[in-house]
Amino acid sequence: MALWGTLVSCLTGCGRAKGDVLAIESILPEDGSTLLLNQSVVIRFDRPLDPLCVTQDSVRLVDGRGRSVVPLRIRVRESTIEIVPRAPIHAALDDGSYGPGSKLQLLIATYPRPDGLRSERGALLVKAPTVRYDVVDAAARAAEGRLTFLPSSGDGPFRLVEVPRVDPSGKRIELRFDRPFFPPSATPEAFRLIDDLQVLSPIPLTVEAGGLGQMRGRVLYLEPAQAIPPSGGLLFFRTGVRGLLDYRLSPLEVPADPMGYQFPGLGRSLAIRPAPQSEERSDGVDERFVETRPSISSKASFSELALPFECEGSLRWGPDGLWLPRVAWPDFQSLGELDPPGSTRELRPSARAEVATGIERVLPEHAWDFDRVHIGSGKRVYVVLPDHGALRIRIAGRCEIDGEWIFRVRAAGARPARQRSTVDTRPLWRDVDGRVEIEVAGHARIRGHVRTEPDVVGLAGWLQVRDAGLLGPSNIDLQIVEVPELAGLRAESAPQLPGRWCAVSPWYPLPRAHRFSGAFEATEAEALIDVFVQGRSALPGGEVSPWMHIEGLSGLGELEALRFVVAARGIGDGGLVLRSLRIR
């Protein structure tokens, strides 16, 4: 006992300042709160954590029997841990991390456990509070019209993101939505399938929740008891609280369909029909992304397209689909955006700095991770490099340098000479002290200068980009390394990519003038996507329209050519965005 008391006192008093012990500042939700079924638990500490010490054993939720709750992920960002649960998608709500009506306790490992939490500088956590939660009773809350899920961030009405898809056999209908649906509302009673308006006898349906990746809980599959005939049918969506709802308990807004109907008790309908067999030809654009094609990967090129939104980086086109970038950064811990205020700013490892207006961060000693970097015209940002080893800077989005990014080199010694960007010179730098290693997953646009101080040193390190086509060595004192796509397996964990990532199609000439309906089908879509289109009129003069969301395509009239942009959001692990795209 005396030895134990000595150890504890040493942690708080033997030659250490009072602040040398890691402390918990807050835990949300607070002790005794009711947890919603998709609600994260967020633990905030008084200093940045060592991310390697945060595991499913060191921070976990347990039920009344002491069994660990399996989360979707545990996210670490500087001084914050977030336990993200897997939200249920089945009507019984039994497939999520939290059991409805259960009791949970938060357990945080402290010293002297070997897996106890510690800061990035080794300060130990010696005390953690007891925190207990009651998981929401979903049935009771829903009956009272109260929420059982935290609402998604989607704005506007709850809607379909594309027309219902029916497979060629007529035995499966796929519905995709812009946000997760409230699982108990996804029942056969929310839909009616009619193939004969004279009889109005509904075909029985079974309902299955699905979706992969970020589309999990946003996809429903309806399977009719009998095949939908080739002539098609009408799928009615019941309106109000008896129909399909989102997390806010708001009803689905069904778009107006010139071929549809609205009947009391049945709701509003959309006309559906089985997809044509593979050997049948259909008018429109049918892109399967079979062959790999060069992407437009510079922001300057995207700017020339005059898209109605900011594009962060390029998707990979082919083979066999559109793909998010593979960044292979499982330990990525974002510091946010680097866009320092003022005309001059100095950044040092292990020092506090204002990385953006009103946002201060303690910069880690060896690796700085940013969502994006922007140094505006007339600004100078100095980075003091270490005396030994390397400073690694990873940028998940775009890197735009219109001012000056200056690296101060303090280590002596020779440095590799510049080579062509297609030559991978990174191995030559491994034993060079005081270097910088920059990796950019998104667009890189450097219209200002990246230079070294003192000037006589030579190159400060290397800059890895996916496309070096518009980067020149004359204004960049870094070895430029072009790595279009990282090799290897997908990482188990990867950063959430900021913003929208895009792929631009070539122009598709149409065999004859064609009027599009604005409907599209995306096969095996595993990310949140939007489709924008541009058309060339079939009228004399061939006027080209501005870019617009695909919903407005029907208003362009007859076209002789079309091109599209797919814009996706997702996790940067080389994951599939979609397998094929059909525009009708």
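This report walks through model confidence, a surface patch, aromatic pairs and salt bridges in a predicted structure.

The chain averages a pLDDT of 85, and 91% of the residues score at least 70. The stretch to treat with care is residues 1-18, where the pLDDT is below 50. Beyond near neighbours in sequence, that stretch has 11 contacts in the model.

Leu197, Leu200 and Tyr261 together make a nonpolar surface patch of about 240 Å². Tyr261 comes from the loop between strand S14 (233-237) and strand S15 (262-263). Its relative accessibility is 38%, so Tyr261 counts as partly exposed.

## Aromatic pairs

There are 14 aromatic pairs in the structure. Take Phe149 and Tyr247: their ring centres sit 4.3 Å apart with the planes at 10°, so this pair is stacked. Phe149 lies in the loop between helix H2 (138-143) and strand S9 (165-166), while Tyr247 lies in the loop between S14 and S15, so the pair ties together parts that are 98 residues apart in sequence. Both Phe149 and Tyr247 are buried.

Another stacked pair is Trp317 with Phe564, at 6.2 Å centre to centre and 15° between the planes. This one links distant parts of the chain: Trp317 is in strand S19 (residues 316-317) and Phe564 in strand S41 (residues 558-569), 247 residues apart. Trp317 and Phe564 are buried too. They also belong to a cluster, in which ring pairs link Phe289, Trp317, Tyr508 and Phe564.

## Salt bridges across the sequence

Now for the charged side chains. The count comes to 44 salt bridges. In one of them, Arg410 meets Asp387 at 3.3 Å, N to O. Arg410 sits in the loop between strand S30 (404-408) and strand S31 (435-440), and Asp387 in the loop between strand S27 (380-384) and strand S28 (390-395), so the bridge ties together parts that are 23 residues apart in sequence. Arg410 counts as partly exposed because its relative accessibility is 48%. Asp387, at 40%, is partly exposed as well.

Strand S30 supplies a partner of its own. The side chains of Glu453 and Arg408 form a salt bridge, again at 3.3 Å, N to O. With Glu453 in strand S33 (residues 449-453) and Arg408 in strand S30, the pair ties together parts that are 45 residues apart in sequence. The relative accessibility of Glu453 is 23%, so this residue counts as partly exposed. Arg408 is partly exposed, at 27%.

## A buried bridge and a network

What about Arg435 and Glu437: are they buried or exposed? Arg435 has a relative accessible area of 10% and is therefore buried. Glu437 counts as buried too, at 14% relative accessibility. The side chains of Arg435 and Glu437 meet in a salt bridge at 2.7 Å, N to O.

Some salt bridges share partners, and this joins Glu312, Glu337, Arg372, Arg398, Glu400, Asp402, Arg445 and Arg447 into one network.

Technical notes. Residues are numbered from 1 along each chain as its sequence is written. This is a predicted model: local features need pLDDT of at least 70, side-chain atom pairs count only at pLDDT 80 or more; totals for chains, interfaces and linings use all residues. Side-chain values use heavy atoms; hydrogens and water are left out. pLDDT is the predictor's confidence in each residue, from 0 to 100. Contact means heavy atoms within 4.5 Å. Patches are made of residues with over 30% relative accessible area and no salt bridge: like charges are joined within 9 Å, nonpolar side chains (Val, Leu, Ile, Met, Phe, Trp, Tyr) within 5 Å. Accessible areas come from the Shrake-Rupley method with a 1.4 Å probe; for residues, only the protein chains shown count as cover. A salt bridge is a side-chain nitrogen of Lys or Arg within 4 Å of a carboxyl oxygen of Asp or Glu. Helices (H or I, at least four residues) and strands (E, at least two) are DSSP runs, numbered from the N terminus. Buried means under 20% relative accessible area, exposed over 50%, partly exposed in between (1.4 Å probe, protein chains only). Rings of Phe, Tyr and Trp (its six-membered ring) pair if their centres lie within 6.5 Å; planes under 30 degrees apart count as stacked, over 60 as edge-to-face and the rest as tilted.
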